[in-house]
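Hi,

Here is the structure I promised to send over.

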Amino acid sequence: MISATLYLSVMLFFGFLTWAAAPANPSVRLAKSILGQTPNPLRSVLDFIGRLVPQLDRRAGVMKDNLLYANAPLTLREFAGVKTLSMLGGGLIGVVILKEFKSLHPGVLLLCAVFGFFAPDLWLRSRIRHRQKAIVRLLPDVFDLVAVCIGAGLDFMGSLNRVISTKEF
């Protein structure tokens, strides 16, 4: 039987990951437009942790592109901070699992830490796939609206600007 400690640590870990990478809601977007930054103290903590992690230059370009493709509200350093905290959280969950089930192999700790390290990458890939599907789903509507705008007398670029300004992608 799984104890309350294990259940609570797993829920807190995944709740933290969800909260850290959640997209901005309208009130946060309004505050961002007024203040010029997202009023989330976690972002500064993630940025600080991300600065401590050595960056590989060859992976940095790919990671920046993936964050852009996913429309993720994180910078590269913040994402590195999320990966580091996720790895530590996975290790912590591994420690709790080992304390609960003493007959398990200590490799479970390593496995949980590795899963925690790669969990943000899995989330990012999932978000990229979701955004690509949403774009493909919206393309017929966008083409239809562009055709209507062109029929109304706008040129191609003007109709694209009109459609993009009225829809939120």
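Leu 67 touches Ala 72, Leu 74, Thr 75, Leu 76, Phe 79 and Leu 124, leaving aside residues up to four places away in sequence (contact means heavy atoms within 4.5 Å). Bear in mind that this is a predicted model, where local features need pLDDT of at least 70, side-chain atom pairs count only at pLDDT 80 or more, and totals for chains, interfaces and linings use all residues. Residues are numbered from 1 along each chain as its sequence is written, and side-chain values use heavy atoms, with hydrogens and water left out.

Leu 67 is also one of the residues that touch the most other members of the largest nonpolar core, which has 13 residues; Met 63, Ala 70 and Phe 79 are among the others. Such a core is a set of buried Ala, Val, Leu, Ile, Met, Phe, Trp, Tyr and Cys residues joined through side-chain atoms within 4.5 Å. Two or more residues each come from helices H3 (41–52), H4 (57–70), H5 (76–100) and H6 (107–151), and H4 gives the most, with four. Helices here are DSSP runs (H or I, at least four residues), numbered from the N terminus.

Over in H5 sits Glu 78, which counts as buried at 6% relative accessibility (buried means under 20% relative accessible area, with a 1.4 Å probe and protein chains only). Glu 78 touches Arg 43, Leu 46, Asp 47 and Pro 73, again not counting residues up to four places away in sequence.

As for cysteines, Cys 112 is buried at 16% relative accessible area, and Cys 149 is buried at 14%. The structure holds zero disulfides (pairs of cysteine sulfur atoms within 2.5 Å).

Cheers

Notes:
Buried < 20%, exposed > 50% of the residue type's maximum accessible area, 1.4 Å probe, protein only.
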